[in-house]
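Please keep the sequence and the structure in view while reading.

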Amino acid sequence: MTLSIVPPMSRAARLDAMDGAAPKVLVIGGGINGASVFRELALNGVPVMLAEKSDFCAGASSALSRMVHGGLRYLENGEFDLVREALDERNRLLRNAPHLVGPLRTIVPIDSWVSGALNAPLRFLGLSKAPSRRGALPVKLGLSFYDIYTRGKGGLPPHAFWSAKTAQARFPFRPGLRCAATYYDGQVSHPERVVTEIFEDVARAGCDAVALNHLEVTKIGPEVALTDRIGGREITLRPEIVVNATGAWIDRTNARAGATEDMVQGTKGAHLVLDHPELRDMLGDDMVYYENVDGRICIMFCLHGMVLIGSTDIKVPDPDKVRCEADEQAYILEGLSWVFPGITVRPDQVRHVFAGVRPLPVSGAGTTGQIPRGHFNRWTEGGIPMLSMIGGKWTTFRAFGELAADEVMARLGLTRRTGTGDLPIGGGAGYPSDPDAWCAEQAAVSGLSQARVATLLARYGTLAGALAQSFAGERMLPGLPGYSDAEIDYLIAHEQVETLADLALRRTVVALAGGLDAAALEALAERLAAARGWSAARREEELHRFRVKLATDHGADPERIGLHRKGEVAAQ
């Protein structure tokens, strides 16, 4: 089975369809939760529209640790229902999106036997707030819960324990190691594609639904006013219900309807992407899940040829001013040195940094780690009833969208007619049991090499069949290994690419693969400028703006990305 390419719909056509419309529901926010509730409503026959003020997945939904997991540490907070739900959703994603979500063996180094055994009861009684180290006993109890709950449900292999000798033969852990636990969770290679493919699935199904990025809601009253941030056009909608899925921006969105209650508090998670061959070769296909010096959980594993390492958990007042700061980078690298004392990281090996804001509920918890990670909805009455999606974690997006859609449909007097629990996502439909044979077959049909088709299968799932045929005669782009002119042009035409950030940070993995340099930026700018009809001056303006963003928000070396050419100076 191969999927068909969804015919592109122009930005002007989407704006025309939305202007003056009266959908049953308007979803505000194009991250993973907004996309999820959009899909649930659309597939159940509810006329729905979605507006995202920036790009799809430009917030927390693209700044996760790339893990799809049950949430082992949430057991300390007594969030058993959340872990059960997350394990279910993890297993669904492994089945429904196998091109994007795969199993990940996880190694937990442990330097004590019983430390942390009282973490959960002490926290429950309010007698402990700070994180503490976790010994073999509490880790064993948590992993046993994992195994018991997933047994017989098509889950992953059970956990095991290694002796200190075995663990240190595999990794150069610090002295004093007692043992190591191993278990399986999941990883997502390109989370932004999950959102893109959800929108494509809705369009492919012929639903009464429109989603548009770079469209900002400016006022919520009897009507909703919106402004196109690309062309400046102003439009209005008259939905019966608004779903606020703006994550860390929920309170600001509600304020546009006159609401004053604080519902969310953000905590920042920062990550580093390292070009470190020694660490990459050492990790292989495993993830190391370890405690930093203060007991905060950190992770490291290989992704797109780089090493991803993180993260932090810091309260932040303003989600618009979040970046990975120097002290956070130092903290993350300190943790790396703590678990692997013999590994050093040079400054030039930090190729990319990113940070996002977790939209956690307002809580009186003493530490950020104690704030509940579950999800719930809250209604606000007014000119238009609004449902705000509070909390949540990336892994449970489908369940959260289902919950929100059911509440909305109940309010509208509608009933569910289909579910998404077993529904493939995008290119997960008809995913081959023998990928090599499938790629060989598609290569013979398309004329592309089998290796190239395999790359497309990993990126797009079974949509790769149709793409391979449409990419015949493609030319690989200078500075962009693995990407061709035809592929970049396809992304621009079909996936609502309006800015270089959309293209380089979210529709492709160039940044995460450490490949954003001056040549790559020039190649991307050339394709986007041609597609959007930019003048030479506009092209240079867009390039400069994005270079500054890369240097200030993502730690890019100014010289490497060409920021200092022709007298350009990075913003401080």
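## A question to begin with

Does Arg547 count as buried or exposed? In this predicted model, Arg547 has a relative accessibility of 3% and therefore counts as buried, since the cut-off for that class is under 20%.

The partner of Arg547 is Glu522, and the closest N and O atoms of this salt bridge are 3.2 Å apart.

## Buried pairs

Side chains of opposite charge can pair when their charged atoms come close. Arg507 and Asp55 meet in this way, forming a salt bridge with an N to O distance of 2.7 Å. This pair links distant parts of the chain, 452 residues apart, with Arg507 in helix H16 (residues 500-507) and Asp55 in the loop between strand S2 (48-51) and strand S3 (67-68). Arg507 is buried, with a relative accessible area of 4%, and Asp55 is buried as well, with a value of 0%.

A salt bridge also joins Arg459 and Glu487, whose closest N and O atoms are 3.0 Å apart. Here helix H13 (residues 450-460) carries Arg459 and helix H15 (residues 485-494) carries Glu487, the two residues being 28 residues apart, and both of them are buried.

## The wider picture

The structure holds 50 salt bridges. Some residues are linked in a network of salt bridges, namely Arg11, Asp228, Glu498 and Arg532.

Technical notes
Residues are numbered from 1 along each chain as its sequence is written. This is a predicted model: local features need pLDDT of at least 70, side-chain atom pairs count only at pLDDT 80 or more; totals for chains, interfaces and linings use all residues. Side-chain values use heavy atoms; hydrogens and water are left out. A salt bridge is a side-chain nitrogen of Lys or Arg within 4 Å of a carboxyl oxygen of Asp or Glu. Helices (H or I, at least four residues) and strands (E, at least two) are DSSP runs, numbered from the N terminus. Buried means under 20% relative accessible area, exposed over 50%, partly exposed in between (1.4 Å probe, protein chains only).
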